[in-house]
Amino acid sequence: MAKKVLIVEDNDLNLRLFNDLLELEGYQTITSSGEGDLTSLARITRPDLILMDVRLKSADGLEATRRIKKNPDTRAIPVIAITACAMAGDADRILASGCADYLTKPISLPWFLGTVRKHLHNHEAELNNAA
Ligand code: MN
């Protein structure tokens with residue numbers, strides 16, 4: 001079955017780009033501009049992975065990640081942050097929020113797909129270990 005990726009991004013062009021890249025790779029996608037309750041969205045749609053824009057118009061992507069990581073229903077889902085800035089302190093802040101990894105804009109295609117693949121693979125290995 002195709003892996004499902006929830007893409008949270010408030011920039012339409014980026015959202016479409018990430019969506020198209022992942023669909024071309026055979027992933028099932030769900031897209032959100034970041035409005036509303038992202039923990040509920042994750043609970044309802046049960047993605048295998050979440051791409052989270054750090055700077056959303058309607059929310060703080062890292063705060064949304066912290067909430068997702070606090071909820072027992074969604075905490076196991078790996079979250080990859082997408083950020084425009086990646087100075088040393090930012091990386092620490094991103095990882096401290098519970099994100100498994102981060103990508104910096106502009107994204108490089110091999111890095112983007114490689115990171116998504118790696119974390120989906122790790123997540124599946126964890127689920128198998130837990131079973
Ligand atoms: Mn943004």
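Here are some numbered notes on this predicted model, point by point.

1. Ground rules. Residues are numbered from 1 along each chain as its sequence is written, and side-chain values use heavy atoms, with hydrogens and water left out. Since the model is predicted, local features need pLDDT of at least 70 and side-chain atom pairs count only at pLDDT 80 or more, while totals for chains, interfaces and linings use all residues. Helices (H or I, at least four residues) and strands (E, at least two) are DSSP runs, numbered from the N terminus.

2. The manganese site. The protein donors of the manganese ion are Asp 10 (OD), Asp 53 (OD) and Arg 55 (O), lying 2.1 to 2.3 Å from it. Donors here are N, O and S atoms within 2.8 Å of the metal (3.2 Å for Na, K and Ca); water is not among the atoms, so sites may look incomplete. Along the chain, the spacing of the donor residues reads D-x42-D-x1-R. Asp 10 sits in the loop between strand S1 (4–8) and helix H1 (12–24) and Asp 53 in strand S3, so the pair ties together parts that are 43 residues apart in sequence. Both Asp 10 and Asp 53 are buried, where buried means under 20% relative accessible area, exposed over 50%, and partly exposed in between (1.4 Å probe, protein chains only).

3. Strand S3. Is S3 enclosed or open? With 5 of its 5 residues buried, S3 is largely enclosed by the rest of the structure. Both faces are covered: Leu 49, Leu 51 and Asp 53 are buried on one side, Ile 50 and Met 52 on the other. As background, side chains in a regular strand alternate between the two faces of the sheet.

4. Neighbours of S3. S1 and S3 run parallel and are joined by 4 bridges; strands pair if DSSP finds at least two bridges between them.

5. Leu 49. This residue of strand S3 is buried, with a relative accessible area of 0%. Leaving aside neighbours within four places in sequence, Leu 49 is in contact (heavy atoms within 4.5 Å) with residues including Val 5, Leu 6, Ile 80, Val 116 and His 119. Leu 49 and Ser 33 are 16 residues apart in sequence and 16 Å apart in space, C-alpha to C-alpha.

6. Helix H3. S3, H3 and S4 make a right-handed β-α-β unit; right-handed means that, with the strands pointing away from the viewer, the path from the first strand over the helix to the second runs clockwise. Which residues of H3 (61–70) are buried? They are Gly 61, Leu 62, Ala 64, Thr 65 and Ile 68. These cover an arc of only 155° around the axis, which puts them on the same side of H3; the arc is that of the directions from the helix axis to the C-beta atoms. Their cover includes helix H2 (38–45), strand S3 (49–53), strand S4 (79–83) and helix H4 (88–96).

7. More on H3. At its start, a side-chain oxygen of Asp 60 reaches to within 2.8 Å of the backbone nitrogen of Leu 62. Further along, Arg 67 counts as partly exposed at 47% relative accessibility. Arg 67 and Ala 88 are 21 residues apart in sequence and 23 Å apart in space, C-alpha to C-alpha.

8. Thr 29. Thr 29 lies in strand S2 (28–32) and counts as buried at 19% relative accessibility. Its side chain makes a polar contact of 2.5 Å with the side chain of Asn 19 and another, of 3.4 Å, with the side chain of Glu 23. A polar contact is a pair of N or O atoms within 3.5 Å; within protein, one must be able to donate a hydrogen and the other to accept it, and residues adjacent in sequence count only if both atoms are side-chain atoms. Beyond four places in sequence, the contacts of Thr 29 also include Val 5, Ile 7 and Leu 22.

9. Two backbone spots to look at. A cis peptide bond joins Lys 105 and Pro 106, with omega about -5°; Pro 106 is in the loop between strand S5 (101–104) and helix H5 (109–130). Arg 46, in the loop between H2 and S3, has phi near 45°, a positive value in a residue other than glycine. At 53% relative accessibility, Arg 46 counts as exposed.
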